[in-house]
Amino acid sequence: MLVDQGLEIGDTLSDGCLTVLLVSERTRYSLRIKAEDLTAFNLESGLGLPERIGQSSLTEARMQLCLGPDEWLIVTQPDLDKGLGAQLKRLSDSFIFSFTDISHRNIALTVQGSEAVAAINIGCPLDLSPEHFPVGKVTRTVFENAPIMLLRTGEDVFHLECWRSYGPYVTGLFARYAKDIEMS
Amino acid sequence: MFLIHCPYCDEDRPEIEFSYAGEAHIARPQNADAISDAEWSEYLFIRENKRGIHCERWWHTNGCNRFFNAVRNTVTDKFIMTYEMGEPRPTPEEIEAARDDD
Ligand SMILES: [Zn+2]
């Protein structure tokens, strides 16, 4: 079962068409700043926050995701990306913004493989064709009854986050779907 | 699938991501302590409940998390236009121009 870092859901995923991994713990910050301050904020901070809803800037250590007109989620690898809090604290003299540690609100899954789109679409009504949902696109949406955040990191690779309490529900749906594939 | 255009995301998105939030352009009285209970209850409870073209608030709950306004035909359930919060109510001419035969 999906209880530990890097474990696959169940044992139903032998042929590699669908793999669902629980991502190891990340540090998450919610950043809210007025859209009209963004350019100056980016200049001063050097963060390079994406400017449009749905855009992301991705490095190995950090994901910067624009979720709303004045809202960003920053997801970092705790051991690779330190000091963001201190850096932003310095900027609070020059800008009005909120910066909140919400690390433990979410869990993240990596959903990958040739069946990844089909598996996500069992519960998510978005058009995930590459024209409408290209690599790098991010959005909040729904997966069955759970609110999720979905980011495409590769042609067949998605980073999916949900509230921690929805974790067993969301992973359970993927596990059931994986069983269906295997039986068909 | 029923799609709604979110003016902030600038995309047609599935209706299941949205929540309805009542009639639009209802301003809260600025003189709440001076007006009568009847006037206050009018503000709180009385709505047009229109049959036809209706301005209403929607909330992109599971998306950008923004409220916006929409013009919808309550007979056909067709969305005629959506627009950002703070923009004025579209004129009848603007609504008519945006309408296709619904
Ligand atoms: Zn939206």
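1. Arg66(B) is partly exposed, with a relative accessible area of 25%. Asp70(A) is buried, at 17%. These two residues form a salt bridge, with their closest N and O atoms 2.8 Å apart. A salt bridge here is a side-chain nitrogen of Lys or Arg within 4 Å of a carboxyl oxygen of Asp or Glu. The pair crosses between chains: Asp70(A) sits in the loop between β4 and β5 of chain A, and Arg66(B) in the loop between β4 and β5 of chain B. Strands are DSSP runs (E, at least two residues), numbered from the N terminus.

2. A word on the source: this is a predicted model, where local features need pLDDT of at least 70, side-chain atom pairs count only at pLDDT 80 or more, and totals for chains, interfaces and linings use all residues. Residues are numbered from 1 along each chain as its sequence is written, chains are lettered from A and ligands numbered from 1 in the order written, and side-chain values use heavy atoms, without hydrogens and water.

3. Now the interface. 15 residues of chain A are in contact (heavy atoms within 4.5 Å) with 14 residues of chain B. Two salt bridges are counted between the chains. One of them joins Lys137(A) to Glu11(B), with the closest N and O atoms 2.1 Å apart. Lys137(A) and Glu11(B) also belong to a salt-bridge network with Arg13(B) and Glu17(B).

4. Which salt bridges lie within chain A? Among them is the pair Glu161(A) and Arg28(A), at 2.8 Å, N to O. Glu161(A) lies in strand β10 and Arg28(A) in strand β2, so the pair ties together parts 133 residues apart in sequence. Both residues are buried. Arg140(A) and Glu71(A) also meet in a salt bridge, at 2.9 Å. Arg140(A) is in β8 and Glu71(A) in β5, so this pair ties together parts 69 residues apart in sequence. Arg140(A) is buried at 16%, and Glu71(A) is buried at 11%. Over all chains, the search finds twelve salt bridges.

5. Last, the cysteines. The whole structure has zero disulfides (a disulfide being a pair of cysteine sulfur atoms within 2.5 Å). For Cys66(A), the nearest cysteine sulfur is that of Cys9(B), 9.5 Å away. Cys66(A) is buried at 1%, and Cys9(B) is buried at 6%.

Methods. Buried < 20%, exposed > 50% of the residue type's maximum accessible area, 1.4 Å probe, protein only. Helix = DSSP H or I, 4+ residues; strand = E, 2+ residues; numbered from the N terminus.
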